[in-house]
Amino acid sequence: MYIKSPNRIHPGVLSIQRKLEKIDRLQLPITSRRDVERILVRQVTKELDRALPWQAGHGRRTATIALAVGREIGLSSDDLHHLTLAAYLHDVGLLMLPPGLMDSTAFLEPDTYVAVQNHCRIGAALLEPYTFLQKAAIFVAYHHERWDGTGYPYGIRGPFIPLGARILSVADAFDAIQVPEATDNTLRDLIASRILHVAAGTQFDPTIVAALTRSLEHRKTDADCSGM
């Protein structure tokens, strides 16, 4: 399998592994540890941004969206923490692909598309050895599954998909949607939200899409109030 060939592994992978190992060895009280983990993992995303410049900032934006949705549906602080870490690192598996497959703009043949689909599984395998990322690794593994069971890499469906992965799937897609004709962020978010609603019930969990919409409405209300 191609990921076993050392010359095919992006050099950023080793740097990320070293940084994650240092974080995993931290000896801190649980409350302080969570804060430090989030800060340091956010720093790790800079390595991803350098390796994947076409989507620089995607991990951090996805984490912001996922956190808002998680709060909207009432996740515990522990679940929100693991969801945030997963969002920061959800595309780390792309670094284990051959260089020509790391660019989302590249044309993919059917066999290479299957290889790209494995990035969820590969990313989860990369994160799972670190104790503080074991829950996050589960979300990463399933974040391209679809509500109707036609997703990848495992083809599971509906509530069998871990809740954190369902949230991550919506947040990931919401940030990735390109709306060139949008003149401002509010319009862009509205159009992106409507696109997700079309796919609710097939690609996405409808309750998570609804929670995203509510979180966007709350953000707009807060912005309007602060501008008064």
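Q: Of the contacts in the chain with a separation of 6 or more, what percentage comes from residues 24 or more positions apart?
A: That's 65%, where contact means heavy atoms within 4.5 Å. Keep in mind this is a predicted model: local features need pLDDT of at least 70, side-chain atom pairs count only at pLDDT 80 or more, and totals for chains, interfaces and linings use all residues. Residues are numbered from 1 along each chain as its sequence is written, and side-chain values use heavy atoms, with hydrogens and water left out.

Q: OK, how many helices and strands does the chain have?
A: Eleven helices and zero strands. Those are DSSP runs numbered from the N terminus: helices are H or I with at least four residues, strands E with at least two.

Q: Where is His81 found?
A: His81 is in helix H4, residues 77–89.

Q: Is His81 buried or exposed?
A: Buried, at a relative accessible area of 3%. Buried means under 20%, exposed over 50%, and partly exposed in between, using a 1.4 Å probe and protein chains only.

Q: What does His81 touch?
A: Leaving out residues up to four places away in sequence, His81 touches Arg34, Glu37 and Arg38. With Glu37 there's a side-chain to side-chain polar contact at 2.7 Å. That term covers a pair of N or O atoms within 3.5 Å; within protein, one must be able to donate a hydrogen and the other to accept it, and residues adjacent in sequence count only if both atoms are side-chain atoms.

Q: Switching to H9, why is it called largely enclosed?
A: Because twelve of its 14 residues are buried, including Ile167, Leu168 and Phe174.
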